[in-house]
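Here are a few notes to read alongside the model, written as one colleague to another.

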Amino acid sequence: MTENRESALLADVPEGLFIGGEWRAAEAGATLTVSDPATGATIKTIASASVADGKAAMDAAADTFPSWAATPVRERAEILRRAFDLLQERKEDFALLMTIEMGKPLAEARGEVAYGGEFLRWFSEEAAHVQGRYGANPEGTGRMIVTQHPVGPAFLITPWNFPLAMATRKIAPALAAGCTVVIKPAALTPLTTLYFAKLLQDAGLPAGVVNVVTTATSGPVSEALIRDPRLRKLSFTGSTPVGVALLKQAADGVLRTSMELGGNAPFVVFEDADLDKAVEGAIAAKFRNIGQACTAANRFIVHRSVADEFARRVTERVNGFRIGRGTEDGVTIGPLIDDRAVAKASQLVEDAVSRGATLRTGGKAIEGEGSFYEPTVLTEVPQGSEILREEIFGPVLAIVPFDTEDEAVDLANSTEYGLVSYVFTESIARGQRMIERLETGMMGLNVGVVSNAAAPFGGWKQSGLGREGGAEGIHEYLQTKYTLTPNPFA
Ligand code: NAD
């Protein structure tokens with residue numbers, strides 16, 4: 001029964017490129033295969049775009065831009081709202097599809113559908129609230145008019161870890177602002193974006209406004225698009241090294257960019273924290289998405305007086321996890337995205353243990369089919385361990401003890417990343433000091449998950465440029481024009 005439902009769903013996902021409102025095969029029939037990380041089995045074969053296919057998508061986005069930009073805001077907003085409604089109707093299918101191609105447990109996939117959908121609703125509401133200004137210049141000789149305009153065709157590149165939400169977080173504000181787009185999902189999880197493009201078609205989106213190129217050759221296809229003089233905007237979510245490479249390409253054309261890059265989030269537990277809240281927050285901040293979130297807590301910086309009790313409680317919770325394919329009832333930890341991710345987690349844990357960290361639980365890859373790694377807790381992780389410097393992107397909770405508030409702040413800030421931090425304290429003054437002292441674009445103060453469509457999501461330092469969501473998100477796709485006219489009374 002379940003297998004039948006999965007096959008019917010996979011058969012319903014388009015396998016072509018979506019260009020100019022049509023589904024088409026790639027040049028020379030090139031394909032790529034998508035597999036289930038829980039079993040390693042191939043689940044679907046889809047088109048793999050060439051540079052020429054990417055150019056065709058760019059042609060469609062550029063040709064459609066004038067008419068989409070001129071479409072009344074209300075019409076654009078209502079299409080987004082219809083897309084939101086359709087997503088609610090199809091939420092079980094989207095959740096199952098993400099679980100199959102990415103591995104996250106079904107309950108979490110449902111959470112992502114809810115979160116991802118909110119960007120459609122939020123930007124359908126924001127679309128009509130873009131404001132201009134009119135006023136006299138200080139000298140009184142003229143009138144200044146400030147207006148906002150869609151920046152133009154945009155290229156959106158998304159990662160594999162949140163296949164729906166990373167797409168809607170970019171597509172919704174772009175469309176609300178009046179931009180057309182070419183979106184390139186990650187080759188590991190392209191099916192959700194293809195299925196979402198079909199939903200947009202059903203919501204009445206005109207042909208050519210959203211174009212999807214799936215490809216096994218991201219580098220050349222993306223570079224040709226980024227260097228296309230008709231492109232006006234690049235929005236990328238992914239790792240910092242790839243973001244840096246794309247920024248260099250974008251620099252030649254002085255392209256507007258938004259970069260949502262990697263993280264190395266500190267999770268600071270003070271001696272005055274409510275430990276129940278801290279443990280709850282830690283489980284969410286670390287193990288959601290099997291640790292594969294840019295916002296995942298990477299370093300648990302815990303006051304020495306509560307470090308042991310905190311470690312005991314999180315270990316107890318981790319030992320109660322159920323590991324398996326995300327479609328199975330009660331599973332809380334699914335597979336990692338691929339065997340490379342398993343090898344990386346293994347290597348980081350081995351490095352920490354070899355330097356003197358204590359392994360409380362887990363610590364090994366799981367033999368058999370699929371890319372599974374045991375949920376792991378490490379304590380007394382020594383400074384210098386690679387796991388404190390690198391984004392773990394796996395279910396490994398690494399604890400470092402501290403003694404003073406200054407030391408906690410220094411440890412938390414000692415990274416080139418600055419996406420998010422988590423702080424647990426019952427002291428209001430200390431919480432306020434942390435807001436001012438921690439160098440991150442977002443903070444969870446006594447909470448372990450911060451993402452919300454209404455909030456400006458984004459990082460400081462090498463975690464990125466720009467913001468997605470909130471009132472800020474739509475401005476990533478708008479450009480400002482200032483016009484001066486003479487004083488009409490002069
Ligand atoms: P990645 O950088 O490997 O890939 C991201 C996207 O870029 C994919 O679509 C990929 O196909 C494409 N890509 C890869 N190499 C490319 C190249 N040379 N030229 C053009 N495109 C290329 O990242 P990933 O492994 O898919 O995702 C995980 C990373 O994403 C982590 O570092 C995570 O922190 C980050 N991330 C950040 C946020 C955020 O909002 N800050 C959200 C989710 C994920």
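1. Where does F393 lie? F393 sits in the loop between α13 (386-389) and β16 (396-402); helices here are DSSP runs of H or I with at least four residues, strands are runs of E with at least two, and both are numbered from the N terminus. Its phi is near 55°, a positive value in a residue other than glycine. F393 counts as buried because its relative accessibility is 19% (buried is under 20% relative accessible area, exposed over 50%, partly exposed in between, with a 1.4 Å probe and protein chains only).

2. A word on the source: this is a predicted model, in which local features need pLDDT of at least 70 and side-chain atom pairs count only at pLDDT 80 or more, while totals for chains, interfaces and linings use all residues. Residues are numbered from 1 along each chain as its sequence is written, and side-chain values use heavy atoms, with hydrogens and water left out.

3. Please look at A28 too, in the loop between β2 (22-24) and β3 (31-35). Phi of A28 is near 60°, again a positive value in a residue other than glycine. A28 is exposed, with a relative accessible area of 83%.

4. T327 belongs to the loop between α11 (304-319) and α12 (339-354). T327 counts as buried at 19% relative accessibility. Leaving aside residues up to four places away in sequence, T327 touches E6, L96 and T99 (contact means heavy atoms within 4.5 Å).

5. Now for helix α8 (residues 218-226), where V221, S222, L225 and I226 are buried. Seen down the axis of α8, these buried residues fall within an arc of 130°, so they line one face of the helix (the arc is that of the directions from the helix axis to the C-beta atoms). The partners they pack against are α2 (51-70), β7 (154-157), β8 (181-184), β10 (233-237) and α9 (240-252).

6. Finally, the ligand. It has 28 residues around it, of which T158, R169, S239, L261 and E391 come nearest (near means that a heavy atom of the residue lies within 4 Å). A backbone N or O atom of L261 lies 2.8 Å from a nitrogen atom of the ligand, a polar contact being a pair of N or O atoms within 3.5 Å. The protein covers 84% of the 840 Å² of accessible area that the ligand has on its own (Shrake-Rupley method, 1.4 Å probe).

Technical notes. Polar contact = N/O pair within 3.5 Å; in protein donor to acceptor, adjacent residues only side chain to side chain.
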